[in-house]
Amino acid sequence: MAGPGHGFARGEETSAAPRLDRAEIVRAALRLLDEEGFDAFSMRRLATALDIKSPSLYWHVRGKDELFDLLVDTVVGKCPLPDGDGGRPWDERLIEIGLGLRRVLLAHPAATRLLPGRPPFGPNGLRLADHVIGMLRRAGFDDRMAGYGYLLLMFYVTGFAVQEIAFGKGPDNGDRLAEVSRYLEGLPAERFPDLVAVAGELLAPRLTDRFEFGLRSLVDGLEGKRRPD
């Protein structure tokens, strides 16, 4: 969990320390997380990668928590946002954003582990929130439902992605899901009859299909709350 006051990544600041800026530090930290994973990450390791001494990092970030806030915001900022409406319905555009956000989260699994407990309200997160809420308001949702729609989208996409990563996102994902499925199928049917009955389908390696089904269900549910044109 991020400590109090975290989750709101600051913009670029000037610093007395030469050579580096915060953007360069964040890029290097994201590369380290992508290449070596969350458990191997440390400020000392980051300083080594940047060829500086650890105290120099603290000219630019207050500590690991702030760096993690910046990393989350950087990853969220990679989500493409459609320009205008292009004449397309609001639900198509919302689904496009949901699919794009999932792609960038899965592309950076170690950084995505930082999301729980960190409200995504850095500069990029605010841009995403304003875009989605504005799109929903213009589509005919009142302010309350536009806010609900944004939160439901974020909770669904980030929660799904975090669980995908926990189940072994990557080339071994299918093997991991098959292993869990075998475990569920081997449970005593007299104690868990319904779970055992669906175990073969529950975690079959088609997570993208399930994600898209859930996203479409979310959007369909919102449609019923939209004001008529």
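**Salt bridges, helices and confidence in a predicted model**

A salt bridge joins the side chains of R113 and D39, with 3.9 Å from N to O; the term stands for a side-chain nitrogen of Lys or Arg within 4 Å of a carboxyl oxygen of Asp or Glu. R113 sits in the loop between α6 (109-112) and α7, and D39 in the loop between α1 (22-36) and α2 (43-50), so this pair ties together parts that are 74 residues apart in sequence. Helices here are DSSP runs of H or I with at least four residues, strands are runs of E with at least two, and both are numbered from the N terminus. R113 is partly exposed at a relative accessible area of 45%, whereas D39 is exposed at 68%. For these classes, buried means under 20% relative accessible area, exposed means over 50%, and partly exposed lies in between (1.4 Å probe, protein chains only).

Residues are numbered from 1 along each chain as its sequence is written, and side-chain values use heavy atoms, with hydrogens and water left out.

The salt-bridge rule gives a count of 12. Among them is the pair R102 and E164, whose side chains meet at 2.8 Å, N to O. With R102 in helix α5 (residues 90-107) and E164 in helix α8, the pair ties together parts that are 62 residues apart in sequence. R102 is buried, with a relative accessible area of 8%, and E164 is buried with a value of 8%. Another salt bridge links D220 and R216 at 3.3 Å, N to O. Both residues lie in helix α11, 4 residues apart, or about one turn of the helix. D220 counts as partly exposed at 44% relative accessibility, and R216 counts as partly exposed at 31%.

Helix α8 (residues 143-166) deserves a look of its own. Its 24 residues reach 35 Å from the first C-alpha to the last, close to the 34 Å expected at 1.5 Å a residue; the expected span is 1.5 Å times one less than the number of residues. At the start of α8, a side-chain oxygen of D142 comes to within 3.2 Å of the backbone nitrogen of R144. Just after this helix, G168 takes a positive phi of about 95°.

Further along, R206 is placed in the loop between α10 (193-202) and α11 (207-223). R206 is partly exposed, with a relative accessible area of 39%. R206 and L177 are 29 residues apart in sequence, while their C-alpha atoms are 9.8 Å apart in space.

Confidence is expressed as pLDDT, the predictor's score for each residue from 0 to 100. The chain has a mean pLDDT of 86, and 87% of its residues reach 70 or more. Where pLDDT is low, the predicted coordinates should not be read in detail.

Technical notes
Predicted model: local features only at pLDDT ≥ 70, side-chain atom pairs only at ≥ 80, totals over all residues. Polar contact = N/O pair within 3.5 Å; in protein donor to acceptor, adjacent residues only side chain to side chain.
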